[in-house]
Amino acid sequence: MTSEEDTVKHIGIIGVGEIGGSLVTGLRHGGGAAPEVFLSPRGARTAAELSDRHEGVRVCADNQEVVDRSGIVILAMRREQCREAMTGVHVDDDRILVNLMAGMGNDELRQTLGTRAPLVRAIPLPTVRERRSVTVVHPSHPEVDALFARLGGALPVADEAAFDVLSALTGTLTTHYAYLATLASWAVGHGIAPDDADHYVRGLFQGVGRSLGDESRSLDRLAADHETPNGNNERIRTTWFDPANAEALAKALDGLLADLGQSRQR
């Protein structure tokens, strides 16, 4: 790749799992000219399905071909898979590498790959498929920021310590789903049909999700606006999500943050 235009028009993805597939879907849909996407043969079945479904998506013979054809190369495998996946792969200095591997800092990745190419860490979420994921990036890089801007937004942070804080927050997603499942289960225990309980809980919190799009109101303000003094919402918030509950959540996040920092520094 010799020009900035080629860099942003040719995207490689090594590691085609949930996030890799979501990135492909987001990149190939929506307004503007869609970049060509080159996939590694890792996750062969998923890669082949994505190539069949989307025009301009190709499965390469190996990871070296992905790198050679792409201006921006997204590494979307797990940290423990990186060395095996990238053994023998040469990365020219004019490529841009986007590191999605949890717990692998850019210094470690640079040492593993032996390249002077720019490295950017990022945390895209599955909602990139719908172009609704705000993706944390470090360091800021114009081409990478532009890439994630088209997928819902880029949020550059100053250093890897700040990156780890926001990475820890992503560890709360399945807890939220489990919370909703618990609400539905409680309703079933009180005689509501399972399908009705599931349908109602989904509708209830889809409305909450839409209200989050109103960034003119703080999160605290949104909570207050949904609450009547001495009402049902205030009762559950103050009796269940009390200071001890909030402290336990903060303690769990602090532990995760400490582990992320230690993992990055190994």
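Me: What is the accessible surface of the chain, and what share of it belongs to carbon and sulfur atoms?
Reply: Happy to start there, with the reminder that this is a predicted model. The accessible surface of the chain comes to about 15,200 Å². The part that belongs to carbon and sulfur atoms is 53%.

Me: And what percentage of the residues in the chain is buried?
Reply: A residue counts as buried when its relative accessible area is under 20%. The chain has 266 residues. Of these, the buried ones make up 36%.

Me: How far apart do the centres of the positive and negative side chains lie?
Reply: Let's take the two sets in turn. There are 27 positive side chains and 37 negative ones. The centres of these two sets are separated by 2 Å.

Me: How do the rings of Y179 and W240 pair: stacked or edge-to-face?
Reply: The chain has three aromatic pairs, and Y179 with W240 is one of them. Their centres are 5.8 Å apart, with 20 degrees between the planes. Planes under 30 degrees apart count as stacked, so this pair is stacked.

Me: Which class does the pair of W240 and F241 fall into?
Reply: Here the centres are 6.0 Å apart and the planes make 35 degrees. Stacked needs under 30 degrees and edge-to-face needs over 60, so the class left for this pair is tilted.

Me: Which residues does the cis peptide bond with omega of about -10 degrees join?
Reply: Look at the loop between β7 (135-138) and α7 (142-149), where P139 has its place. The cis bond there joins H138 and P139.

Me: Is N230, with its positive phi, buried or exposed?
Reply: N230 is not a glycine, yet its phi is about 65 degrees. Its place is in the loop between α11 (219-225) and α12. With a relative accessible area of 74%, which is over the 50% cut-off, N230 is exposed.

Technical notes:
Residues are numbered from 1 along each chain as its sequence is written. This is a predicted model: local features need pLDDT of at least 70, side-chain atom pairs count only at pLDDT 80 or more; totals for chains, interfaces and linings use all residues. Side-chain values use heavy atoms; hydrogens and water are left out. Buried means under 20% relative accessible area, exposed over 50%, partly exposed in between (1.4 Å probe, protein chains only). Accessible areas come from the Shrake-Rupley method with a 1.4 Å probe; for residues, only the protein chains shown count as cover. Lys and Arg count as positive and Asp and Glu as negative; His and the chain ends are not counted. The place of a charge is taken as NZ of Lys, CZ of Arg, CG of Asp or CD of Glu. Rings of Phe, Tyr and Trp (its six-membered ring) pair if their centres lie within 6.5 Å; planes under 30 degrees apart count as stacked, over 60 as edge-to-face and the rest as tilted. Helices (H or I, at least four residues) and strands (E, at least two) are DSSP runs, numbered from the N terminus.
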